[in-house]
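Subject: Structure handover

Hello,

Please find the structure below. My notes on what turned up follow it.

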Protein chains: 2
Amino acid sequence: MASAPAALTRQAEDYLKAIYEIERDGEVAATTAIAERLGIAPASVSGMVRRLGGQGLVKVERYQGARLTAKGRRVALQMIRRHRILESYLVSRLSFEWDGVHDEAERLEHAASPALIERMAAALGHPEVDPHGAPIPRPDGTVDDARLRSLNDLAVGERATVARMSDRDPALLRYLAELGIRPGADLRMVDRAPFDGPLTVAVGRVRHVVGVGVASRVYVGDGRR
Amino acid sequence: MASAPAALTRQAEDYLKAIYEIERDGEVAATTAIAERLGIAPASVSGMVRRLGGQGLVKVERYQGARLTAKGRRVALQMIRRHRILESYLVSRLSFEWDGVHDEAERLEHAASPALIERMAAALGHPEVDPHGAPIPRPDGTVDDARLRSLNDLAVGERATVARMSDRDPALLRYLAELGIRPGADLRMVDRAPFDGPLTVAVGRVRHVVGVGVASRVYVGDGRR
DNA sequence: TAAAAAAGTTAGTACATCCTAACTTGCTTT
DNA sequence: AAAGCAAGTTAGGATGTACTAACTTTTTTA
């Protein structure tokens, strides 16, 4: 028997999403990492993670963090699909700015029914990436969520195309937009100051100097998208 | 000083909306009436209503029910505006059926930001009524929420135009749609069976026989809308 | 490898919300 | 006006989620 769906709470959904994203970055979903991402105390995470474990959504080993089960991953990807479809819809149909949709989508994703999400997706022609370049999981739970190099990893002289960037910090997004760094933009690493110093990047024929912190939050693909 | 907005919980918002609707129907928002509308036990209402009283949203007199304060009414109308804009948007931009939007809007109204609602309203050209004919409160908190006669109150031979109907029961809405009874439809009371028996109503040139229960949930204006 | 630091857990508390059961109040009816 | 019933309230308990403080385990460092 497939067990009752047993509607998850908003919070449970957020935990699963957080854990998914940490794992996707290749790290173990440690208590502190989850707590940080959700902006809550580590102590609060212990209990919730245990509860998620009881529901078969994560596998927990005391003192060793949590790992998503297949069931947990399914939920997480569904939430991410919702989030990204919502962001896409808000930007393309309700003229939201790309730096302002994250929080709105974050709230709506818990309230929107699957039917609403699929109608939005259909209205947009079933987009494959969201406005920040993040791939949208398909309804069947598959995603092309390849781990990308960050701008920070480019060697001097190397060219690349911006693939995506984190959507969580509006100020960063506004800054990047000003520099012309958006998904699809072509760029070239011109210079790297030593000791993790600032990078000089050519975007089209304009050069910008950006810090390592910024560069590490911009992901690139090679040449073509 | 205008006092901190102090984000209300979903539940508080629902209570206020329920109280508003009961008062609009000309009744006192008694504990049991609120409980019934929200589908919870009366005992649960007592506590919450006291809390709302403490926040200055309702005035409570023990054993005498609650009454909205101006502040409470403002919140309630804002929720109703959200709800009705959402319903309108879902029907007209995402091809939802008019009988299926209530629940979706009910969930989204707690998550949607004022900015989103206003963008939707703008996209729709600032509609004044929702798909069920209910007037949409304006951003400034005013509404034309006149108490209407129900179809049940029509005298034999009288003509009227359908103004609105309850949006809470999808089955009722589907039934009404089948009969051609929608906001804007013109009708005439042809016959009333005695002892609260069924009513015969002409919609265009078709006659339908409907029960009193149905008729009392359809509201009419006179002649023109 | 032992001490220190970092990470994680438990214990105890709080709050919002709901429930049921038992009691109280107020309205209605005789 | 007293009794009975309906409506409302309180008491006590459950759940989900968070917090801080104190303790434990693991990892790092010296």
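Two strands count as paired if DSSP finds at least two bridges between them. By that rule, strand β3 (residues 149-150) of chain B pairs with strand β8 (residues 218-221) of chain B, antiparallel, over two bridges. Bear in mind throughout that this is a predicted model.

Sheet, chain B

B:Ser150 has its bridge partner in β8(B), namely B:Tyr219. β8(B) is also joined to strand β4 (residues 159-165) of chain B. Those two strands run antiparallel, with four bridges between them. One of the residue pairs there is B:Val162 with B:Val220 of β8(B).

Sheet, chain A

In chain A, six strands form an open sheet with antiparallel pairing. Their order is β3-β8-β4-β5-β6-β7. Which strands stand at the edges? They are β3 (149-150) and β7 (206-210) of chain A. Each has a single partner strand, so one side of each is left without a neighbour in the sheet. A:Arg149 finds its bridge partner in β8(A) at A:Val220.

Helix α3, chain B

Helix α3 of chain B covers residues 42-54. Its 13 residues should span 18 Å at 1.5 Å a residue. The end C-alpha atoms are 19 Å apart, which agrees.

Four residues of α3(B) are buried: B:Val45, B:Met48, B:Val49 and B:Leu52. They cover an arc of only 105° around the axis, which puts them on the same side of α3(B). The general rule behind such a pattern is that an α-helix has 3.6 residues a turn, so residues three or four places apart point the same way.

What covers the buried residues of α3(B)? The cover includes α1 (10-24), α2 (31-38), β1 (58-60) and β2 (66-68) of chain B. On the face turned away from the buried side, α3(B) carries the exposed residues B:Ala43, B:Gly47 and B:Gly54. After α3(B) comes B:Gly56, with a positive phi near 70°.

A:Arg82

A:Arg82 sits in helix α4 (residues 70-93) of chain A. Is A:Arg82 buried or exposed? The cut-off for buried is 20 or more other C-beta atoms within 10 Å. A:Arg82 has 26 C-beta neighbours inside 10 Å, so A:Arg82 counts as buried. Leaving out residues up to four places away in sequence, A:Arg82 touches A:Glu109, A:Ala112 and A:Ile117. A:Thr142 lies 60 residues from A:Arg82 along the chain, and their C-alpha atoms are separated by 14 Å.

The two chains

Chain A can be laid on chain B with an RMSD of 0.2 Å.

The contact takes 13 residues from chain A and 13 residues from chain B. On the side of chain A that touches chain B, α5 (102-108) and α6 (114-123) of chain A each supply at least two residues. α6(A) gives the most, with four residues. By class, that side of chain A has seven nonpolar, three polar and three charged residues. Why do the copies meet through the same surface? Because 100% of the interface residues of chain A are also interface residues in chain B.

Best wishes

Terms used. Residues are numbered from 1 along each chain as its sequence is written. Chains are lettered from A and ligands numbered from 1 in the order in which they are written. This is a predicted model: local features need pLDDT of at least 70, side-chain atom pairs count only at pLDDT 80 or more; totals for chains, interfaces and linings use all residues. Two residues are in contact if their C-beta atoms, placed from the backbone, lie within 7 Å. Ala, Val, Leu, Ile, Met, Phe, Trp, Tyr, Cys and Pro count as nonpolar, Asp, Glu, Lys and Arg as charged, and the others, Gly among them, as polar. A residue is buried if 20 or more other C-beta atoms lie within 10 Å of its own, exposed if 12 or fewer, and partly exposed in between; C-beta atoms are placed from the backbone. The expected span of a helix is 1.5 Å times one less than its number of residues. The arc is that of the directions from the helix axis to the C-beta atoms. Copies are superposed by least squares on the C-alpha atoms of residues with pLDDT of at least 70 in both.
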